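Thanks for coming, everyone. Please have a look at the structure on the screen, and then I'll walk you through a few places in it.

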Amino acid sequence: MKDKIIFTNGLIDLAQPRLGTKVIFKTDDFFASANRIIDPNEPIFKVGVFDKHGKWMDGWESRRKRTAGHDYIIVKLGKPGTIKKVNVDTSHFNGNQPAMVSIEGANSNSNNLNQLKWEPLLSKKKTKANSHHYFNFNNKKIFTHIKFNIFPDGGVARLRLYGTIAKSNKLKNKKINLASLLDGASVIACNNEHFGKAENILAPGKAKNMGDGWETRRRRGKGFDWLILNSLDGKEIDKIEISTHHFKGNFPSHCSLQAAFLPTLKNSKQIVNSSLKWKYLLKDAKLSANKVHIFKNNLMKKDKINFIKINIFPDGGISRFRIYGKTI
């Protein structure tokens, strides 16, 4: 069966806590904590589970409003960025979802919430029970804070804010990990992420478990699995780290890396097609279980890069990927 390519277009969820994102204000979360709305895991439903306030719900839920106004939360993004797509997820909220939602954004270094100047990002939209609501934007502005409004009250399971991290000029000419999620690296496309998201390999720190890495399904036919990431623009590539922590009976046999420098940003399909001809940065590198593998760059010492393709043979999982070079 032919692989179906998953295009992420370089977008990541800016609301995920591992970037440092936090809920810093809520008008009310009597029934369910506002902090749950940015939980990276998919929402669940616990049949027959109640706490001292009522039915336990996996999301943010305010009490029934008996006064004028509406409920809202303020989210401080761990990394400022542009927002291109939003998912308002009301999974498991059926009869207690808001009637409508809207979103505003602000860009400020101030910790004083009264000084935040809000501008509309999403006008009022009707919401349905137990549903995903997707909205796309062409806005190029950088936001540090998001205000999520619900009308008049109710519950929302998850808020996903897909976008790109604003790259810092402070990193120029620095020797760093060019594949850091925290600095703006992102996955463009992959052929499979059945057991673990490809984006996970760019995350900081050591993976918590197998689910915190990238893992594909068991391949029953010919071929191999791969992903393409957009790294920071770099040169003088030196050390490469590939970790298979927690992958003990399901690590790939070996891997290879291809890389290119594409000065003009192309669309994702063009990038995937062009990757077939990219030069090898690392070839036929054997991998072992539950280990950090360190490789030296001997093939592209003088090349600039900003895209990397990781090929794993024939399938399996890796937990982290790091590549060190000088930013340009």
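Start with a term. Buried means under 20% relative accessible area, exposed means over 50%, and partly exposed is in between, with a 1.4 Å probe and protein chains only. Strands are DSSP runs of E with at least two residues, helices are runs of H or I with at least four, and both are numbered from the N terminus.

Two words on the source. This is a predicted model: local features need pLDDT of at least 70, side-chain atom pairs count only at pLDDT 80 or more, and totals for chains, interfaces and linings use all residues. Residues are numbered from 1 along each chain as its sequence is written, and side-chain values use heavy atoms, with hydrogens and water left out.

First stop, strand β22. It spans residues 305–313 and is mostly covered, with nine of its nine residues buried. Which strands pair with β22? Pairing here needs at least two DSSP bridges between two strands. Strand β17, residues 225–235, runs antiparallel to β22 and is joined to it by seven bridges. Leu 227 has Ile 310 as its bridge partner there. Strand β19, residues 254–260, also pairs with β22 in the antiparallel sense, over seven bridges. In that pairing, Ala 259 stands opposite Ile 308.

Is Asn 311 buried or exposed? Its relative accessibility is 2%, so it counts as buried. Its side chain makes a polar contact with the side chain of Gln 258, at 3.0 Å. A polar contact is a pair of N or O atoms within 3.5 Å; within protein, one must be able to donate a hydrogen and the other to accept it, and residues adjacent in sequence count only if both atoms are side-chain atoms. Contact in general means heavy atoms within 4.5 Å. Not counting residues up to four places away in sequence, Asn 311 touches several residues, including Phe 224, Trp 226 and His 254.

Next, Ser 243, in strand β18, residues 239–243. Ser 243 counts as buried because its relative accessibility is 6%. Its side chain has a polar contact with the side chain of His 245, at 3.1 Å. Leaving aside neighbours within four places in sequence, Ser 243 is in contact with Lys 291, Val 292, Ile 318, Ser 319 and Arg 320.

That's my tour. Questions, please.
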